[in-house]
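The following note was prepared for a colleague who wishes to read the structure alongside its sequence. The points are numbered so that each may be checked separately.

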Amino acid sequence: MTTTALPNASEAAVAETASPVSTVADIGLFPIKLRLPEAVIAAGPDACERWFTDLTLANADAIWQMELTPGGELEVRMPPFAPTDNQEVKFIVGLENWNTAGGAELGKATGSSGAYRLPSGAIRYPDAAWTPLEKIPFFPTDTPTARPYCPDFVVEIRSTSQSCPSDLGELLNKMQEYMDNGALLGWLIDPIERTVRVYRAGVTEPELLNDPEMLDGEGVLPGFTFAVRQLIFDLT
């Protein structure tokens, strides 16, 4: 006869209160994914955007950032923590300085609050993005709406809140989504691993740069350079 030892009261209490992921290092808790109502998804991308916009406005004071996938999933993401918040500022300041260096805007640069509705129907908020003026379609700005196009240039900066390998996988998927929707150049800047993955239109795999000192905007952003080691990797 086989007997099984039962846990004592203290062991049972620990088992009940322990986090189910506390011993699993590769599980990221974010983004939290929630599916939109099926009737909204069936009604198409415009209905999904209206639903998404209403929900976002109703929670305007929340610290969480929400995005929408092409399949109708709402993704709730963590806000950036220090020093990532400052890293994002350093980047967008450098991008906007280049954008207006000649006295007039070359295009529109946005930070992490800039929403884009991609051709796939996804609504994303890249940490930084830029599109030349001549490629920006007309769209109404008197009502809340995402920019109805994919930017030419996109940047994601891996946050300190995205330390799990699965978090990196989410960022890799997002970068590929931008490229699949028409981006010409993308940088995934990873301060945790001190790497940059450079995505180029028409190139299957990104180029991996280990601890680069400078990044170059190439033909997409002629003359734009960014001191990534000084302004992001070494920033505390």
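**Notes on the predicted model**

1. Overall content. The protein chain contains six helices and 13 strands. The model is a predicted one. Of its 236 residues, 40% count as buried. The protein chain exposes about 12,500 Å², and carbon and sulfur atoms supply 57% of that area. Among the contacts in the protein chain with a separation of 6 or more, 56% come from residues 24 or more positions apart.

2. The sheet. Six strands make up an open sheet, in the order E4-E7-E8-E9-E10-E11, with mixed pairing. Its edges are strand E4 (107-110) and strand E11 (207-210), each of which pairs on one side only. From one strand to the next, the twist averages 10°.

3. Strand E10 (residues 195-200) and E11 run antiparallel and are joined by four bridges. Thr195 has Asn210 in E11 as its bridge partner, and Val196 stands opposite Leu209 in E11. The two strands form a hairpin with six residues between them, and Gly202 in the turn has a positive phi of about 85°.

4. Helix H5 and the sheet. Which strands of the sheet does helix H5 touch? Helix H5 (residues 165-180) packs on the sheet through contacts with strand E8 (153-157), strand E9 (185-190) and E10. The direction of H5 makes about 170° with that of E9. H5 has 16 residues and reaches 23 Å from its first C-alpha to its last, close to the 22 Å expected at 1.5 Å a residue.

5. The buried side of H5. The buried residues in H5 are Asp167, Leu168, Leu171, Lys174, Met175, Glu177, Tyr178 and Met179. The elements that cover them include E2, E3 and E6, as well as E8, E9 and E10. After H5 comes Gly182, with a positive phi near 120°.

6. Helix H3. Helix H3 (residues 45-58) has 14 residues, and its first and last C-alpha atoms span 20 Å, close to the 20 Å expected at 1.5 Å a residue. Ala47, Cys48, Glu49, Phe52 and Thr53 are buried in H3.

7. Aromatic pairs. How many aromatic pairs does a search of the whole structure find? The search finds 10. In one of them, the ring centres of Trp98 and Phe224 are 5.8 Å apart and the planes are at 50°, so the pair is tilted. Trp98 lies in helix H4 (residues 84-99), whereas Phe224 is in the loop between strand E12 (215-216) and strand E13 (225-226); the pair therefore ties together parts that are 126 residues apart in sequence. Both Trp98 and Phe224 are buried. They also belong to one aromatic cluster, formed with Phe91, Trp130, Phe153, Trp187 and Phe226.

8. Most residues other than glycine have a negative phi. Asp211, in the loop between E11 and E12, has a positive phi near 50°. Glu218, in the loop between E12 and E13, has a positive phi near 55°. Are these residues buried or partly exposed? Asp211 has a relative accessible area of 29%, which lies between the 20% limit for buried and the 50% limit for exposed, so Asp211 is partly exposed.

9. Ser120. Ser120 is placed in the loop between E5 and E6. With a relative accessible area of 31%, Ser120 is partly exposed. Leaving aside residues up to four places away in sequence, Ser120 touches Pro70, Glu177 and Asn181. Of these, Glu177 is among the buried residues of H5. The C-alpha atoms of Ser120 and Tyr149 are separated by 9.9 Å, with the two residues 29 apart along the chain.

Notes. Residues are numbered from 1 along each chain as its sequence is written. This is a predicted model: local features need pLDDT of at least 70, side-chain atom pairs count only at pLDDT 80 or more; totals for chains, interfaces and linings use all residues. Side-chain values use heavy atoms; hydrogens and water are left out. Buried means under 20% relative accessible area, exposed over 50%, partly exposed in between (1.4 Å probe, protein chains only). Contact means heavy atoms within 4.5 Å. Accessible areas come from the Shrake-Rupley method with a 1.4 Å probe; for residues, only the protein chains shown count as cover. The expected span of a helix is 1.5 Å times one less than its number of residues. Two strands pair if DSSP finds at least two bridges between them. Axes are lines fitted to C-alpha atoms, for helices over the stretch in contact, and angles run from 0 to 180 degrees between N-to-C directions. Rings of Phe, Tyr and Trp (its six-membered ring) pair if their centres lie within 6.5 Å; planes under 30 degrees apart count as stacked, over 60 as edge-to-face and the rest as tilted.
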